[in-house]
Structures are given as structure tokens and as C-alpha cells.
Amino acid sequence: MGIRENVERIKSLIPEHVVVVAASKSRKPEEILEAYEAGIRIFGENYVQELLAKYKDIGNRVKWHFIGHLQRNKVKKIVGIVDMIQTLDNIRLAEELEKRFGGVNRRIEVLIEVNIGKEPQKAGVLPEETEPLIKEVSRRFKNIKVKGLMTMGPLVEHPEELRPFFRMTRELFERLRDLNLDNVEMAILSMGMSHSFQIAIEEGANMVRIGTAIFGERQ
Ligand SMILES: *Cc1c(COP(=O)(O)O)cnc(C)c1O
């Protein structure tokens with residue numbers, strides 16, 4: 001099936017209020033534009049160099065979200081290019097975002113990435129460290145707007161095994177929302193990928209990040 005058919009199938013499977021981010025790592029600009037023509041407006045990229053190359057071709061016709069691990073020394077390259085960073089998980093990265101985005105008088109919207117499965121070596125803040133991190137960001141950084149949470153969920157054999165992790169993330173999301181912190185608007189819960197987006201939506205996701213089910217298998 002082609003990209004257009006894939007996008008249409010996914011749209012038919014999800015409720016209107018759920019935003020689809022096309023995870024476009026390793027995809028060519030032509031493929032991204034095909035998904036754009038089919039109605040996708042947000043593309044998630046994992047690597048700064050790859051994002052910059054695509055940005056040169058495509059520019060601001062689409063919105064770019066950063067969904068990979070972001071190194072502090074690369075932040076300055078993506079100021080003015082990305083609309084959201086979904087992977088804030090430590091205070092030193094937040095300090096750099098404040099410095100670089102604040103330096104040009106921009107605010108950057110972020111999601112806090114949670115390592116909900118508490119897997120060693122995995123990106124994301126631990127669930128119990130999420131509230132202290134958000135509170136510190138809220139208190140210290142006026143150029144960072146926290147818009148919600150993102151999680152990958154642990155590596156599992158069957159997508160259904162992700163359900164309890166998605167549920168825990170949603171419960172954490174709701175607890176944090178009820179704190180009503182300054183500069184924090186808990187509006188977006190980004191979870192679910194090609195094999196798990198329906199389960200994630202059932203557990204409260206309102207943003208899903210889908211690669212393979214849109215573009216086909218990665219080479
Ligand atoms: C690649 C990627 C996805 C999408 O994965 P698929 O299984 O191809 O849908 C989602 N989120 C992140 C952070 C990714 O790197």
C-alpha cells in the first residue's frame with residue numbers, strides 16, 4: 001500500500017481529537033511530502049543533522065517535532081526550526097533550551113519524556129523523578145512551556161503488554177496536571193507507535209507517533 005492509503009487507514013482508525021505525528025527518520029523528503037499531501041501536518045525527527053537536511057528541502061510547510069535524544073551541543077542548530085521537543089528528560093538540557101531559545105526571545109514547547117518502564121540505559125526521566133523535574137523547569141525557565149508527557153514504553157513482545165505502562169503514564173499525567181504549575185499546561189499525552197497506537201489511545205493518548213504504518217518498513 002502507498003503512503004496515502006496508509007494515512008487514510010490510520011485516520012479511519014483513530015478519533016478526531018488524536019494528533020498523528022509521522023515519525024519520519026530515514027524517510028526521504030518526497031515521502032514526507034506524500035504524507036503531507038495525505039493530510040499529515042507534523043513530522044517527528046530523531047537526529048539533528050537529518051532534520052536540518054530535510055528542513056532545507058521542506059522548510060516550514062510542515063511542523064517539526066524533535067523526538068530523539070537531544071544532545072545539548074546541538075540545541076542551537078534547531079532553534080527556529082522545531083515547534084516542539086518531545087524528549088526533555090533532564091535539567092541540564094532544560095538549561096540549554098532556556099539559554100538558546102530565550103536568547104532569541106522564543107519560547108519552546110516541550111514534552112517531558114518518561115521512562116515509565118524504568119529500564120536502565122533508556123532515555124526519559126524516571127516516573128518518581130518527573131514531578132521534581134517539572135517543578136524545577138516551571139520555577140526556573142520562563143522560555144520553556146511544558147505541554148505534556150511523552151513515553152516510548154518498554155520493549156515488549158506483544159503490544160498488549162504496553163497497556164499497563166500507558167495507563168501509568170496517563171495517571172502520572174493527570175496527577176501533574178492537577179498541580180496547576182506555572183508555565184505547565186498538561187494538554188498532550190504522546191504515546192503509541194505503529195503497533196501500539198490503538199492501545200495507547202484507549203489508555204488516553206491524544207498524540208501518537210507513527211512511522212512504519214505510514215511509510216512502510218525501514219530499510
Ligand atoms: C521511530 C519512532 C517512532 C515510530 O515507530 P514505528 O514503530 O515505526 O511506528 C515513534 N517514536 C519514536 C521516538 C521513534 O523514534
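**Close-up 1. Glutamate 96, a buried residue of helix 5.** Glutamate 96 has a relative accessible area of 13%, so it counts as buried (under 20% relative accessible area is buried, over 50% exposed and in between partly exposed, with a 1.4 Å probe and protein chains only). The helix it sits in is helix 5, where helices (H or I, at least four residues) and strands (E, at least two) are DSSP runs numbered from the N terminus. Leaving aside residues up to four places away in sequence, glutamate 96 touches Arg72 and Val75, contact meaning heavy atoms within 4.5 Å. Alanine 35 is 61 residues away along the chain from glutamate 96, and their C-alpha atoms are separated by 32 Å. A word on the model: it is predicted, local features need pLDDT of at least 70, side-chain atom pairs count only at pLDDT 80 or more, and totals for chains, interfaces and linings use all residues. Numbering starts from 1 along each chain as its sequence is written, and side-chain values use heavy atoms, with hydrogens and water left out.

**Close-up 2. Helix 5 against helix 6.** The axes of helix 5 (residues 91-103) and helix 6 (residues 127-140) come within 11 Å and cross at roughly 25°; the axes are lines fitted to C-alpha atoms, for helices over the stretch in contact, and angles run from 0 to 180 degrees between N-to-C directions. The pair is therefore roughly parallel (angles under 35 degrees count as roughly parallel, over 145 as roughly antiparallel, 65 to 115 as roughly perpendicular and the rest as oblique). On the helix 5 side, Ile91, Ala94 and Glu95 meet Leu133, Glu136, Val137 and Arg140 of helix 6. Sorted by type, the residues of this contact are four nonpolar, no polar and three charged (Ala, Val, Leu, Ile, Met, Phe, Trp, Tyr, Cys and Pro are nonpolar, Asp, Glu, Lys and Arg charged, and the others, Gly among them, polar).

**Close-up 3. Helix 3 and its buried face.** In helix 3 (residues 48-58), the buried residues are Val48, Leu51, Lys54 and Ile58. Looking down the axis, they fall within an arc of 130°, so they line one face of the helix; the arc is that of the directions from the helix axis to the C-beta atoms. An α-helix has 3.6 residues a turn, so residues three or four places apart point the same way. Cover for the buried residues of helix 3 includes helix 2 (29-37), strand 2 (42-45), strand 3 (63-66) and helix 4 (75-78). Turned away from that buried side are the exposed Lys56 and Asp57. After helix 3 comes glycine 59, with a positive phi near 65°.

**Close-up 4. Methionine 207 in strand 8.** Methionine 207 belongs to strand 8 (residues 207-210) and is buried, at 4% relative accessible area. Not counting residues up to four places away in sequence, its contacts are Val18, Val19, Val21, His65, Gln86, Ile188, Leu189, Ser190 and Met191. Phenylalanine 197 is ten residues from methionine 207 in sequence and 9.1 Å from it in space, C-alpha to C-alpha.

**Close-up 5. Positive phi at lysine 118 and glutamine 121.** Most residues other than glycine have a negative phi. Lysine 118, not a glycine, has a positive phi of about 50°, and glutamine 121 has one near 70°. Lysine 118 is in the loop between strand 5 (108-113) and helix 6, and glutamine 121 also lies in the loop between strand 5 and helix 6. Is each buried, partly exposed or exposed? Lysine 118 is partly exposed at 47% relative accessibility, while glutamine 121 is exposed at 83%.
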